[in-house]
Amino acid sequence: MILSTLTIILALGYCRQQTQVRKVLTENQRLWNENRDLRKTLEQYNSVSHQITDRQAVQQRVAGQFVERRAYYRRNWQQFISVGASDYRTGFLGGIKGLSIIVRNQTEYPIDNVVVTVQYMRNNDDVFKTEQYTINNIPEKGERSIAASNSRKGSKVNLQLVSITSQAMNFCWAADKPAPAGNPDPFECVPSAPKNP
């Protein structure tokens, strides 16, 4: 009788302890998730804050008389022109479907065309195939996308800019034409006339 009573008391204590442990674990998981979400939000706020600061610095520099606006965009084009891939599907054994190439133009001038190379990569980072696409008429402060072809193999893609042309910005850039040393405005399509002193 005493033994069975002790067994019942111990069993009840063990059940209470397990319930308490589950509560603590659940609370820990909730706090961990909340902490992760807060970290993500903080990173996003920091990123936005940096972008705002960078943009304000750009606006101040562009508004000044020291650098002509188009020349500033030409010299710092990597900050304003980018290429990326849309979300795409991969098959169970490889293969890529639903890929779009997106070109973003954050300058104040339209871009006539952007040439992009798409490498379809296997899991071991070997290139299965490479294709080239031209995206035309990207508006100022806007973006344009085109659909890329599907691939029967590959698990990821690698995008590389090949060339960018904008008549409105007098901007001509190509990956295979390095900037000449000592030229302060190397990507100007038609060099400006020298200013009189």
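The exercises below, each with a worked solution, concern a predicted model.

**Exercise 1. Aromatic pairs**

Classify the ring pairs Tyr 73 with Phe 80 and Trp 77 with Phe 171, and state what the second pair ties together.

Solution. 
- Step 1. The model has 7 aromatic pairs.
- Step 2. For Tyr 73 and Phe 80, the ring centres are 4.8 Å apart and the planes stand at 90 degrees, an edge-to-face pair. Tyr 73 and Phe 80 are both buried.
- Step 3. For Trp 77 and Phe 171, the centres are 6.2 Å apart and the planes are at 45 degrees, so this pair is tilted.
- Step 4. Trp 77 belongs to the loop between helix H2 (69-75) and strand S1 (81-85), while Phe 171 belongs to strand S9; the pair therefore ties together parts that are 94 residues apart in sequence. Trp 77 and Phe 171 are both buried.
- Step 5. One aromatic cluster is formed by Tyr 72, Tyr 73, Phe 80 and Tyr 109.
- Step 6. A ring can also lie under a charge: the charged end of Lys 129 sits over the ring of Tyr 120, 5.0 Å from its centre.

**Exercise 2. The largest nonpolar core**

Find which residues of the largest nonpolar core touch the most other members, and which element gives the most to this core.

Solution. 
- Step 1. The core has 27 residues, of which Trp 77, Val 114, Val 118, Tyr 120, Ile 164 and Phe 171 touch the most other members.
- Step 2. At least two residues of the core come from each of H2, strand S4 (100-105), S5, S6, S8 and S9.
- Step 3. S5 gives the most, with 5 residues.

**Exercise 3. Two residues and their surroundings**

Decide whether Ile 135 and Glu 188 are buried or exposed, and list their contacts beyond four places in sequence.

Solution. 
- Step 1. Ile 135 lies in strand S6. Its relative accessibility is 0%, under the 20% limit, so Ile 135 is buried.
- Step 2. Beyond its sequence neighbours, Ile 135 is in contact with Ile 101, Val 103, Asp 112, Asn 113, Val 114, Val 116, Arg 144 and Ile 146.
- Step 3. Ile 135 and Trp 77 are 58 residues apart along the chain, and their C-alpha atoms are separated by 17 Å.
- Step 4. Glu 188 lies in the segment after S9. Its relative accessible area is 16%, also under 20%, so Glu 188 is buried.
- Step 5. With residues up to four places away left out, Glu 188 touches Arg 74 and Asn 170.

Terms used: Residues numbered from 1 in each chain as written. Predicted model: local features only at pLDDT ≥ 70, side-chain atom pairs only at ≥ 80, totals over all residues. Heavy atoms only, no water. Helix = DSSP H or I, 4+ residues; strand = E, 2+ residues; numbered from the N terminus. Buried < 20%, exposed > 50% of the residue type's maximum accessible area, 1.4 Å probe, protein only. Contact = heavy atoms within 4.5 Å. Phe/Tyr/Trp six-rings, centres within 6.5 Å; stacked < 30°, edge-to-face > 60°. Lys NZ or Arg CZ within 6 Å of the ring centre and 35° of its normal. Core = buried A, V, L, I, M, F, W, Y, C linked by side-chain atoms within 4.5 Å.
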